[in-house]
Amino acid sequence: MRQYQEKGKAAFIHGNYGRKPVNCLSTEINNKIVTLYQTKYQDFNFMHFTQFLNEFEGINVYYSTVYQLLSQAEVDSPPKIQKATRRDRTKAKYRLKHPEAAKTETEQTADLSLVHKYVSSILGTYHINNATGVIVDAWFAWQETLEGYYHVFYQILENYGIPYRFKTDNRTVFNYNSSNKKDDTMDVLTRLGYACKQLGTEIVITSVSQVKGMVERANQTFQGRLKQEFRIAQINDIETANDYLLNTFVPDFNENNNLVCFNNHTKCLVIEAFDKQRFITVDDEIYFMREIPKNVKYSPD
């Protein structure tokens, strides 16, 4: 009351009013982020771009900051942009730009690198642990043959041990009997099927993609990341691609995306920070906590 009597309404103004926050990025860094995305990382999604800014460009920013900067600059995330947002921005750009400008932009974006085309033509084989979301193996090959599956099976045995079950599609590597010639009385196995039987690994074969929902969704993620990273690393042969896949991409992906699970009644300490982010400590190790969304009975669409 005394301050109000002396200063009037000015007494209610916060002391930091008009000051720039200490954690605010400079205009130069903001412009650099936008320029990097428009030139070097133009085909990355925003989350992927944020990770590369932190790891390789020396710019430590949050995803929300990058999203806000690029949205203000009317820059889209091509692999992950929502259809409604894409439609609205396409209409706005059409109204603002002349036909000459639109033609020039089309010619520039249509110039894809040879590395991008090369990597798009090879096949990737990988498996994901349904419990943790960890990539347990990965391998590139020109054809999805028995040799490729031997490579990925070796990785699983070497790094994780004998798997309990394989849930895979209906390929001849696992099952070469057609449905009209199948005979349950004959125990005829492929070479890989025989190896799995000897190790005690069950094979579940299905052609329904919904049954393998986790790996199908991960396939979209890999398609939206691998080609871009290969272009940045200037990879142009399959041997180098496999080396990068095993020694760089898979370890980084598992470190940033894996889910750690504990048994019931595990003793732990939960900590909530001021920004509402929660952490958990188990055996002197600290983990981030995130809420797993519940499945709904019907799709919102």
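Predicted model: local features only at pLDDT ≥ 70, side-chain atom pairs only at ≥ 80, totals over all residues.

Modeller: Let us begin with a term: helices (H or I, at least four residues) and strands (E, at least two) are DSSP runs, numbered from the N terminus.
Modeller: Residues are numbered from 1 along each chain as its sequence is written, and side-chain values use heavy atoms, with hydrogens and water left out.

Colleague: Is Asn242 buried or exposed?
Modeller: Asn242 counts as buried because its relative accessibility is 7%, where buried means under 20% relative accessible area, exposed over 50%, and partly exposed in between (1.4 Å probe, protein chains only).

Colleague: And which residues is Asn242 in contact with, leaving aside its neighbours within four places in sequence?
Modeller: Those are Trp139 and Phe140, and contact here means heavy atoms within 4.5 Å.

Colleague: Stepping back, how many helices and strands does the protein have?
Modeller: There are 12 helices and 7 strands, and of the 301 residues in the protein, 29% are buried. If you take contacts between residues at least 6 apart in sequence, 54% of them join residues at least 24 apart.

Colleague: Now helix 3 and helix 4, at what angle do they pack?
Modeller: Two packed helices are described by the angle between their axes and the distance between the axes. Helix 3 and helix 4 (residues 63-72) pack at about 115°, and their axes are 9 Å apart; the axes are lines fitted to C-alpha atoms, for helices over the stretch in contact, and angles run from 0 to 180 degrees between N-to-C directions.

Colleague: Which residues make that contact?
Modeller: Helix 3 brings Phe46, Met47, Phe49, Thr50 and Leu53, and helix 4 brings Tyr63, Val66, Tyr67 and Leu70. Within helix 4, the buried residues include Val66 and Leu70, and just after that helix Glu74 has a positive phi of about 60°.

Colleague: You mentioned Met47, so where does it sit, and how accessible is it?
Modeller: Met47 is in helix 3, which spans residues 46-56, and it counts as partly exposed because its relative accessibility is 37%. Together with Tyr63 and Tyr67, Met47 makes a nonpolar surface patch of about 280 Å². Patches are made of residues with over 30% relative accessible area and no salt bridge, with like charges joined within 9 Å and nonpolar side chains (Val, Leu, Ile, Met, Phe, Trp, Tyr) within 5 Å; the areas come from the Shrake-Rupley method with a 1.4 Å probe, and for residues only the protein chains shown count as cover.

Colleague: Changing topic, how many salt bridges are there?
Modeller: The count is 4, a salt bridge being a side-chain nitrogen of Lys or Arg within 4 Å of a carboxyl oxygen of Asp or Glu. One of them joins Glu57 to Lys40, with the closest N and O atoms 3.1 Å apart. That pair links distant parts of the chain, 17 residues apart, with Glu57 in the loop between helix 3 and helix 4 and Lys40 in the loop between helix 2 (27-39) and helix 3.

Colleague: What about Glu202 and Arg165?
Modeller: Their side chains meet in a salt bridge at 3.2 Å, N to O, which joins strand 4 (residues 202-205), where Glu202 lies, to strand 3 (residues 165-168), where Arg165 lies.
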